[in-house]
Amino acid sequence: MKKGVIFDLDGVLLSTDDMHYAAWKSIADELGIPFDRQINNRLRGVSRMESLEIILSQSSRVFSPEEKLALAERKNERYRALLQGLTPAAVAPEVRDTLSALRARGRKLAVGSSSKNTRLILKLTGLDSCFDAVSDGTNITRSKPDPEVFLKAADFLGLAPADCAVIEDAVAGIDAARAGGFLSIGIGDAAAYEKTDRSIRSLSELLEIV
Ligand code: G6P
Ligand code: MG
């Protein structure tokens, strides 16, 4: 039994993949850089600036640090405009039911996400009341696969990593969980990752593990 459960946000509690894709695609198109869904999949769990580096690596043009910051900012404005369309309906009933059941069992719940838009997404979907703590892109200096975001989440919950499970859909997130000493549980793409401690096909299966 684990006292705490830490959830990655994007790809675990809901998916804003299409919005990230549309925002990055518009930037890439303006620059004439090839960008498709396959490249977008590589950006899962990766920070905004690292995502930009991956996109720009498809171009031979050299961008200054100022140009990169401006591009990342432009992408974020477009992404945030798209996020405004999010409603509580973006979260599957199974996700809400699983969170409620875990809370009813006395588990402490946290979010551990690289996104600096985490609080906005939680508010728009009404998930903000479901968690005891939030650790996100605004309180870390190192991205996954560094364990910092999850170590902070455990700290915010007042629990040791060994007492917490981490649920992730990204390989970098599973690596981060393992590096931090957490039980790693993979869902989606990460369910097939050989380093994942446990794999689930849907979130309610968590109730059989934690
Ligand atoms: C999550 C998503 C990534 C995204 C990152 C940063 O980890 O899976 O695709 O790049 O957050 O998001 P942000 O909202 O800070 O740009
Ligand atoms: Mg994710």
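In this predicted model, Asp10 has a relative accessible area of 21% and is therefore partly exposed, since the buried class is limited to values under 20%. Asp169, by contrast, is buried, with a relative accessible area of 7%.

**Magnesium site**
- The magnesium ion (ligand 2) is coordinated at 2.0 to 2.2 Å by Asp8 (OD), Asp10 (O) and Asp169 (OD), and along the chain these donors follow the spacing D-x1-D-x158-D.
- Distant parts of the chain are linked by the pair Asp10 and Asp169, which lie 159 residues apart: Asp10 is in the loop between strand E1 (4–7) and helix H1 (17–31), and Asp169 is in the loop between strand E4 (164–168) and helix H8 (171–180).

**Asp136**
- Asp136 is placed in the loop between strand E3 (133–135) and H7, and its side chain forms a polar contact of 2.4 Å with that of Thr138.
- Although Asp136 is buried, it has no salt bridge, the nearest side chain of opposite charge being Arg119 at 4.1 Å; this pair does not count because a salt bridge requires the nitrogen and the carboxyl oxygen to be within 4 Å.
- Leaving aside residues up to four places away in sequence, Asp136 touches Ser113, Ser115, Thr118, Arg119 and Val149.

**Leu151**
- Leu151 belongs to helix H7 (residues 148–157) and, at 36% relative accessibility, counts as partly exposed.
- Beyond residues up to four places away in sequence, Leu151 touches Pro161, Gly180 and Phe182, while the C-alpha atoms of Leu151 and Cys164, 13 residues apart in sequence, are 10.0 Å apart in space.

How values were computed:
Residues are numbered from 1 along each chain as its sequence is written. Chains are lettered from A and ligands numbered from 1 in the order in which they are written. This is a predicted model: local features need pLDDT of at least 70, side-chain atom pairs count only at pLDDT 80 or more; totals for chains, interfaces and linings use all residues. Side-chain values use heavy atoms; hydrogens and water are left out. Helices (H or I, at least four residues) and strands (E, at least two) are DSSP runs, numbered from the N terminus. Buried means under 20% relative accessible area, exposed over 50%, partly exposed in between (1.4 Å probe, protein chains only). Contact means heavy atoms within 4.5 Å. Lys and Arg count as positive and Asp and Glu as negative; His and the chain ends are not counted. A polar contact is a pair of N or O atoms within 3.5 Å; within protein, one must be able to donate a hydrogen and the other to accept it, and residues adjacent in sequence count only if both atoms are side-chain atoms. Donors are N, O and S atoms within 2.8 Å of the metal (3.2 Å for Na, K and Ca); water is not among the atoms, so sites may look incomplete.
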